[in-house]
Amino acid sequence: MTKTIIIAAAAVAALAGAAHANSITNVALTGGAGSEMGVGQIYSALTGISLANNAVNQVGAGSGSVGIGAGTIAGRVSDDRDMVWRDGSIDVGFAALYWGNSNTPDGNANHTISVTQDNGAATTLFQAGPGHSAQRGEIFSSSVFPTTADIRFSAHNHTSGVTASTDPLNNNGRDRVITFDITGLETLNVSALGFGGQNIDLTSLPALGAGKGTFLMFFETGSDDDFQDIVILAHNIKNVPIVPAPSAAALGLLGLGGIVARRRR
Ligand SMILES: [Ca+2]
Ligand SMILES: [Ca+2]
Ligand SMILES: [Ca+2]
């Protein structure tokens with residue numbers, strides 16, 4: 001009986017290990033389309049941490065320290081850690097940083113940024129774009145969720161009709177968001193983008209709960225994979241690795257353990 005338990009535990013451990021493997025969704029158009037800014041340029045301007053456009057496609061890209069006594073910023077997170085979020089009070093949204101067909105963070109397409117709890121109905125966090133009054137660097141009021149909920153974000157581009165989401169159930173299963181952990185950063189330099197707007201004093205936001213952080217999420221809501229169609233700030237939230245569905249082989253192994261257990265009883 002004891003041996004059987006160990007076999008089953010090993011199978012579970014193997015599954016857990018797979019969930020923590022680093023994975024990266026590549027920004028294909030690293031320089032942005034046409035004259036648009038690339039993810040690296042945008043990140044560098046906002047954070048003050050240098051990040052070349054062609055260096056964004058790795059875990060830890062954009063890591064570094066800024067300011068006197070500031071902590072180390074972790075930078076880009078693995079793409080198995082930006083789909084499902086938890087422990088949710090999302091304290092802010094952050095609108096009006098999005099690039100359409102011209103190099104301007106005012107973009108040319110309206111977007112709705114939403115969240116779901118446990119894959120339930122979508123709750124709108126904010127809307128941004130030419131048809132909305134959201135300003136660059138604007139902070140939106142908090143939305144508080146139960147701490148046990150799984151939280152998923154989506155960015156709906158009203159023009160293309162594409163909903164970009166952190167959920168792997170996207171069209172063709174494609175990842176449509178890349179994420180940077182900027183926990184510890186003190187200021188988001190919105191005006192450094194060169195289009196005006198309001199800088200954000202991150203230290204003025206609600207204090208982070210235990211294990212929570214501050215993140216910049218870059219969405220691809222079109223089809224060119226430049227991943228800067230809308231950029232949002234999510235504060236006071238925890239990212240958790242996705243738990244992959246158990247493979248048939250693993251289920252078989254667990255099942256085998258169960259059979260052995262019954263025989264030994
Ligand atoms: Ca991702
Ligand atoms: Ca795009
Ligand atoms: Ca774009």
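Biologist: Which elements have the lowest and the highest mean pLDDT?
Modeller: Helix 1 (residues 2-19) has the lowest, 41, and strand 3 (residues 75-76) the highest, 98. pLDDT is the predictor's confidence in each residue, from 0 to 100. Helices (H or I, at least four residues) and strands (E, at least two) are DSSP runs, numbered from the N terminus. This is a predicted model: local features need pLDDT of at least 70, side-chain atom pairs count only at pLDDT 80 or more, and totals for chains, interfaces and linings use all residues. Residues are numbered from 1 along each chain as its sequence is written, while chains are lettered from A and ligands numbered from 1 in the order written.

Biologist: And what is the mean pLDDT of the protein?
Modeller: 77, with 69% of residues at 70 or more.

Biologist: New topic. Why is strand 15 largely enclosed?
Modeller: Because 9 of its 11 residues (230-240) are buried. Buried takes 20 or more other C-beta atoms within 10 Å of the residue's own, with C-beta atoms placed from the backbone.

Biologist: Which strands pair with strand 15?
Modeller: Strand 14 (residues 213-219) does, antiparallel over 7 bridges. Strand 4 (residues 84-86) is also antiparallel to it, over 3 bridges. Pairing needs at least two DSSP bridges between the strands. Trp 85 has Asn 239 of strand 15 as its bridge partner, and Gly 213 has Ile 237.

Biologist: What does Met 217 touch?
Modeller: Beyond four places in sequence, Met 217 touches Phe 153, Val 177, Thr 179, Ile 232 and Ala 234. Contact means C-beta atoms, placed from the backbone, within 7 Å.

Key
A residue is buried if 20 or more other C-beta atoms lie within 10 Å of its own, exposed if 12 or fewer, and partly exposed in between; C-beta atoms are placed from the backbone. Two residues are in contact if their C-beta atoms, placed from the backbone, lie within 7 Å.
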